[in-house]
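Q: Hey, I'm new to this one. Can you walk me through what's in it?

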Amino acid sequence: MAKQYVDMNTPVIEMRNIVKKFGDFTANDGINLTVHKGEIHAILGENGAGKSTLMNQLYGLLKPTSGDILVNGKKIEMNNPRDAIAAGIGMVHQHFMLVQPFTVTENIVLGTEPTKGVKLDMATARKNVVEISERYGLSIDPDAKIEDISVGMQQRVEILKALYRGADILILDEPTSSLTPQEIVELIDIMHNLVKDGKSIIIITHKLKEIKESADFCTIIRLGRYIGTVDVETVTESDLASMMVGRNVTFKVDKPEQEPGEVVLDVQDLHCLDYRGIEIVRGLDLQVRRGEIVGIAGIDGNGQTELVEVITGLRKGTSGKVLVNGVDVFNKSPNFGFKHGVSSIPADRQKHGLVLDFSIEDNLILQNYGKDPFSEKNILQRDPIFAHATQSIEKYDIRPGNSEKRPAGTLSGGNQQKVIIAREVQNDKERNKGKAVLLVSFELDEIMSLSDIIDVIFDGKIVASLPGKDANENELGLMMAGGGKKE
């Protein structure tokens, strides 16, 4: 644990009574946070709890409606990220902000390149990058292009970007969401190296196991409110979960045994290209049967995103078949797939899941707006639409402020996700209702606890398939990285 490095007399961050409102919706309601030098401090909360909103204010991406932010005891107005960087704060976002064709060094020094006369001095830049990476155990190839390195290595580049700009306080947003178990261990070691050198780290997360393995203290947020700050050594994972959701939590998924039925989704010899025009799915085969959850385990960038986009009609494949109940939906429109039984909860909720300028109630009927009772003679019927929205908001705990007519784009990320789930689940896609479910997730715990079958994807192909009940985290991690046992 890193606690041996914590200087309890030196609060490097104080956020006092932070309130953040978006119109009539209160995302943060009087939240307090204190972080000390040499400390790893976790921010824990459910989707939509307000944890990312809080950290975006600390990094200057949002301005508090009220409340104070102090850095090293000095009150600071965070008007933009430049103010945060000047105060020694760096942030590594969940979705990395890197230029894919540039090298590691070019990305790290971008915007702060050293010069010799009127020319860029990339030799000095490279030397400085190597020195920082060696100091903190961030082993990287300074000359590699971002598009050619793993997700774990890209994350190291983002951390180095912050350190290169002088960050003493690092905010890591869901830092383990796309890493293998082995990469997670390496990241925790890196965090400990950083705090040993006097850095302070704030991690936004919902992974209880990793909080216990890495953090010194944990601040819990629920429904936008401050619940408390605990010493991680003195609490259990169950304690943390109960504080996060406000009730006792069971960690065992209630998933009764059932015999799968006929094949519903049959993907045969699928090939497709990525955004660069390079083949990323290379002859992939998979099947999902009725009443079965098949989980896809893999490191980001191995073709799983493109696989889902081809299945749902958002991307054209180059060859292959995608059969849904015997109907080939390959290279058909998303609407064609939907009419033949394909529903999707996309990874990118803003790009593929919602029309952000539309109201919550209109987003909830996007696929059914032409059906009774929402439409009559091609005219939208507002009363049934409103009633449906009210029912969905209550059932799925969507927190819209005071209005179902609020634009979906003004909701928190977690509440946007709930809108999509409410819309898609109403189309009866759940496993226990005899539907076939393909689960693509970078959360191994989620894959292992929910899946009947786990298919491991690597380099655009399914390289292993095993029963979910037999899955081993370390073995899966090795297979996801291209090694380990294969069937």
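This is a predicted model: local features need pLDDT of at least 70, side-chain atom pairs count only at pLDDT 80 or more; totals for chains, interfaces and linings use all residues.

Q: Okay, how is the protein chain divided into domains?

A: Domain 1 covers 7-245, and domain 2 covers 263-480. Taken over C-alpha atoms, their centres are 30 Å apart.

Q: How many residues does each domain bring to the contact?

A: Domain 1 puts in 18 residues and domain 2 puts in 22 residues.

Q: What's the area buried between domain 1 and domain 2?

A: About 1,800 Å², with carbon and sulfur atoms giving 50% of that. On the domain 1 side, Asp-24, Phe-25 and Pro-181 supply 27% of the area that domain 1 buries against domain 2, which is more than any other three residues.

Q: And how many salt bridges and polar contacts go across?

A: There is 1 salt bridge across the interface of domain 1 and domain 2, and 2 residue pairs are in polar contact between the two domains. As for the side of domain 1 that touches domain 2, its residues split into 5 nonpolar, 8 polar and 5 charged.

Q: Tell me about Lys-209 and Glu-473. How do their side chains meet?

A: In a salt bridge, at 3.3 Å from N to O. Glu-473 sits in helix H16 (residues 473-480) and Lys-209 in helix H7 (residues 208-214), so the pair ties together parts that are 264 residues apart in sequence.

Q: How many salt bridges does the structure hold?

A: It holds 21 salt bridges. One of the pairs is Arg-290 with Glu-262, where the closest N and O atoms are 2.8 Å apart. Arg-290 is in the loop between strand S14 (279-289) and strand S15 (292-297), while Glu-262 is in the loop between helix H8 (237-245) and S13, so this pair ties together parts that are 28 residues apart in sequence.

Q: What does Lys-405 form with Glu-361?

A: A salt bridge, with the closest N and O atoms 2.8 Å apart. Lys-405 lies in the loop between helix H13 (382-395) and H14, and Glu-361 lies in helix H12, so the pair ties together parts that are 44 residues apart in sequence. Lys-405 is partly exposed, with a relative accessible area of 49%, whereas Glu-361 counts as buried at 2% relative accessibility. Salt bridges that share partners also join Glu-361, Asp-362, Arg-382 and Lys-405 into one network.

Q: New topic: where is Arg-423?

A: Arg-423 is in helix H14 (residues 413-425). Arg-423 is buried, because its relative accessible area is 4% and the cut-off for buried is under 20%.

Q: What is Arg-423 in contact with?

A: Setting aside neighbours within four places in sequence, Arg-423 is in contact with Gly-353, Leu-354, Asn-363, Leu-364, Leu-366 and Gln-367. With Asn-363, a polar atom of the Arg-423 side chain lies 3.1 Å from the backbone oxygen of Asn-363.

Q: What about phi at Asp-269?

A: Phi of Asp-269 is near 45°, a positive value in a residue other than glycine. Asp-269 sits in strand S13 (residues 263-273) and is partly exposed, with a relative accessible area of 42%.

Q: And Asp-459, what's its phi?

A: Asp-459 has a positive phi of about 55°, although it is not a glycine. Asp-459 is in the loop between strand S21 (453-458) and strand S22 (461-467), and with a relative accessible area of 40% it is partly exposed.

Q: Last one: where is Gly-166?

A: Gly-166 is in the loop between helix H5 (151-164) and strand S9 (169-173), and it counts as partly exposed at 39% relative accessibility. The C-alpha atoms of Gly-166 and Gly-90 are separated by 8.3 Å, with the two residues 76 residues apart along the chain.

Notes: Residues are numbered from 1 along each chain as its sequence is written. Side-chain values use heavy atoms; hydrogens and water are left out. Domain bounds come from an automatic or database domain assignment. Contact means heavy atoms within 4.5 Å. Buried area is the accessible area (1.4 Å probe) that two parts lose on being put together, summed over both. A salt bridge is a side-chain nitrogen of Lys or Arg within 4 Å of a carboxyl oxygen of Asp or Glu. A polar contact is a pair of N or O atoms within 3.5 Å; within protein, one must be able to donate a hydrogen and the other to accept it, and residues adjacent in sequence count only if both atoms are side-chain atoms. Ala, Val, Leu, Ile, Met, Phe, Trp, Tyr, Cys and Pro count as nonpolar, Asp, Glu, Lys and Arg as charged, and the others, Gly among them, as polar. Helices (H or I, at least four residues) and strands (E, at least two) are DSSP runs, numbered from the N terminus. Buried means under 20% relative accessible area, exposed over 50%, partly exposed in between (1.4 Å probe, protein chains only).
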